Amino acid sequence: MDRIKVTEVFEGISMPGKMHTQESLHAATNFQFQDTDVLLVTFPKSGTTWMQQILSLIFNKEDFQKVQGIPTWSRVPWLEHTYLLDCLAQMDASKPRLLTTHFPAKLLIHNLKNSKARVVYMARNPKDVLVSYYHFHKLAKFLPDVGSFEDFFDQFLEGKVNFGSWFNHIKDWLGVQQELNFFLITYEDLSQDPRQAIQNLSNFLGQPLEPKELENILHYCSFSFMSKNDQLNYSLTSPEVFDHSIGKFMRKGVTGNWKEYFSPEQNAKFNNVYQAEMGDLTIKLPWSLD
Ligand code: A3P
């Protein structure tokens, strides 16, 4: 089946076409945040779907079943997607709006800093992001033909993939965190100690959890539960969008998978770029590059 060969370029950032249009991208930059909004920010393949599930569980803890029949992309829709308004119209007006974005900070900071909206930045070891993104390109028909792993590796390091440079994305968002109601969480935190990570997150969200509620959330956000659930694993997505014969959206769900893909030379090259780009960052990120 053919690839959907439409790319939108907006403010120098490439994004898949159709789900993004110039109109939807402009609308996202003008989005009026409410103080009760929760905005999940990720670079692609950082565990967005996982965090969408966790956020909607935290805000629906009185009835987990209610949200299970609704796909995560509709419960926590992307600001920049064409279907945002339809999703907003279906949201329960008595609850905070849960939103997602892959946008860089510069496109949203102006409107965000005028509100008390909570921003949850979910980050992941960029080596694992790269491998996950590579596989996702094979599966997702709305992304360009991926070519070899070697080619993709270089494109990623040069920031020539959709949504641009991973390094700029995280540095720019961390750079504006003092201006925002901001919480950093990582894929690695969630993998290593999900109980503690979710508790910290729910405290930030002003949604303390009873022990039983926390247990339920841990169950419903586990890889084993999510990968079997059709509303969460994207298996119902049309074959024109995802080529299900090639692989699964819920691929591995682990940390450190990059070790099976990077050659020693690629690893050294990546570490050099990482050091040059991230060396000045004072914040300690929990992943290992070894
Ligand atoms: P892998 O390709 O490494 O398996 P995103 O939602 O941002 O596109 O990220 C997708 C990645 O998150 C995939 O990584 C996917 O398997 C992983 N993921 C999704 N749900 C998860 C969960 N409950 N636990 C661990 N990893 C999860």
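Biologist: What is the make-up, by class, of the shell around the ligand?

Modeller: This is a predicted model, so keep that in mind throughout. By class, the shell has 7 nonpolar, 7 polar and 4 charged residues. There are 18 residues around the ligand, and those that come nearest are Thr 48, Thr 49, Ser 132, Tyr 187 and Lys 252.

Biologist: Which helices each supply at least two residues of that shell?

Modeller: Helix H2, residues 48-58, and helix H13, residues 223-228. H2 gives the largest share, with 3 residues.

Biologist: Pockets next. How do I read the second largest pocket, and what is its volume?

Modeller: The general idea is that rolling a probe the size of a water molecule over the atoms shows where empty space is left. In this case the second largest pocket has a volume of about 340 Å³. Its lining counts 15 residues, and nearest its centre lie Ile 70, Arg 75, Gln 90, Met 91 and Asp 92. Sorted by class, the lining has 7 nonpolar, 4 polar and 4 charged residues.

Biologist: How many aromatic pairs does the structure hold, and how do I describe one?

Modeller: You describe a pair of aromatic rings by the distance of the centres and the angle of the planes. The structure holds 32 aromatic pairs. One of them joins Tyr 133 and Phe 152, with 5.9 Å centre to centre and 90° between the planes, so with over 60 degrees counting as edge-to-face, that is what we call this pair.

Biologist: Why does that pair tie together parts that are apart in sequence?

Modeller: Because Tyr 133 sits in helix H7 (residues 126-139) and Phe 152 in helix H8 (residues 149-157), the pair links parts 19 residues apart in sequence.

Biologist: Last one, the backbone. Which residues other than glycine have a positive phi?

Modeller: Among them are Glu 11, with a phi of about 50°, and Tyr 234, with a phi near 65°. Glu 11 is in the loop between strand S1 (7-10) and strand S2 (13-16), while Tyr 234 is in the loop between H13 and helix H14 (264-278).

Note on methods
Residues are numbered from 1 along each chain as its sequence is written. This is a predicted model: local features need pLDDT of at least 70, side-chain atom pairs count only at pLDDT 80 or more; totals for chains, interfaces and linings use all residues. Side-chain values use heavy atoms; hydrogens and water are left out. A residue is near a molecule or strand if one of its heavy atoms lies within 4 Å of it. Helices (H or I, at least four residues) and strands (E, at least two) are DSSP runs, numbered from the N terminus. Ala, Val, Leu, Ile, Met, Phe, Trp, Tyr, Cys and Pro count as nonpolar, Asp, Glu, Lys and Arg as charged, and the others, Gly among them, as polar. On a 1 Å grid over the protein atoms alone, a cavity is a set of points where a 1.4 Å probe fits but cannot get out, and a pocket is an open set with protein on both sides within 12 Å along at least five of seven lines; lining residues have an atom within 4 Å of a point. Grid points are joined across faces, edges and corners, and a volume is the space filled by probe spheres set on the points. Rings of Phe, Tyr and Trp (its six-membered ring) pair if their centres lie within 6.5 Å; planes under 30 degrees apart count as stacked, over 60 as edge-to-face and the rest as tilted.
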